[in-house]
Amino acid sequence: MMNRFPLPLRVELSADRTTWCLLAPFAYIDPEHGRIDVPAGDKTDFASVRPVRTIGLALVLLGLALGLLWAWAGSILVAAGIGALLLYAAVVGYGTEAAVLHDHLYRTRRLPRLKSDAVFFNALRSSAHARWRARLMWSGVRIGGWKRYGKT
């Protein structure tokens with residue numbers, strides 16, 4: 001099997017402590033679009049899943065508080081919060097190489113959004129991530145990515 005990541009990913013935490021900076025160029029060879037280079041100095045936050053965790057925790061806490069007044073409503077919110085936390089656990093820490101590539105494609109708009117998301121999926125699969133996890137992460141960028149496409 002061909003190594004689709006010919007250059008290793010080398011990053012360091014930026015001074016803002018929320019993004020990472022590439023210390024060296026990074027590349028991916030996509031089956032449809034060929035080699036995609038990400039320059040040294042590019043920034044990434046890897047997979048942007050932190051809001052899912054925040055929402056999950058907020059729903060659990062709100063559900064526990066609301067449960068004191070209306071048990072049925074509190075139970076629903078707690079269940080939704082636990083679902084969000086399970087979703088977070090299923091994707092956090094996976095696909096770092098694919099996320100760096102995807103962040104670069106979104107920022108530069110080198111490809112249309114749909115094609116950028118397809119490259120993300122291909123890169124996840126090239127990294128040997130399970131198809132279900134790659135589909136889950138791809139679904140996340142399809143649902144929420146419109147907010148970030150093209151922002152610097």
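## Strands β3 and β4

In this predicted model, strands β3 (residues 26–30) and β4 (residues 34–38) pair in the antiparallel sense over 5 bridges; strands are DSSP runs of E of at least two residues, numbered from the N terminus, and two of them pair if DSSP finds at least two bridges between them. The bridge partner of I29 is R35 in β4. A hairpin of 3 residues joins β3 to β4.

Of the 5 residues of β3, 4 are buried, so the strand is largely enclosed by the rest of the structure. Buried means under 20% relative accessible area, with a 1.4 Å probe and protein chains only.

## The open sheet

An open sheet contains 3 strands in the order β1-β2-β5, with antiparallel pairing. Strands β1 (11–13) and β5 (43–44) stand at the edges with a single partner strand each, so one side of each has no neighbour in the sheet. Between β1 and β2 (residues 20–22) there are 3 bridges, and E12 has C21 of β2 as its bridge partner.

## Helices α4 and α5

Helix α4 (residues 113–126) packs on helix α5 (residues 131–144) at an angle of about 160 degrees, with the axes 9 Å apart. That makes α4 roughly antiparallel to α5 (an angle over 145 degrees). Helices are DSSP runs of H or I of at least four residues, and axes are lines fitted to C-alpha atoms over the stretch in contact, with angles from 0 to 180 degrees between N-to-C directions.

Contact means heavy atoms within 4.5 Å. Residues making it include L114, F121 and L124 of α4 and M137, W138 and V141 of α5.

## Basis

Residues are numbered from 1 along each chain as its sequence is written, and side-chain values use heavy atoms, without hydrogens and water. Local features need pLDDT of at least 70 and side-chain atom pairs count only at pLDDT 80 or more, whereas totals for chains, interfaces and linings use all residues.

Definitions and conventions:
Buried means under 20% relative accessible area, exposed over 50%, partly exposed in between (1.4 Å probe, protein chains only). Angles under 35 degrees count as roughly parallel, over 145 as roughly antiparallel, 65 to 115 as roughly perpendicular and the rest as oblique.
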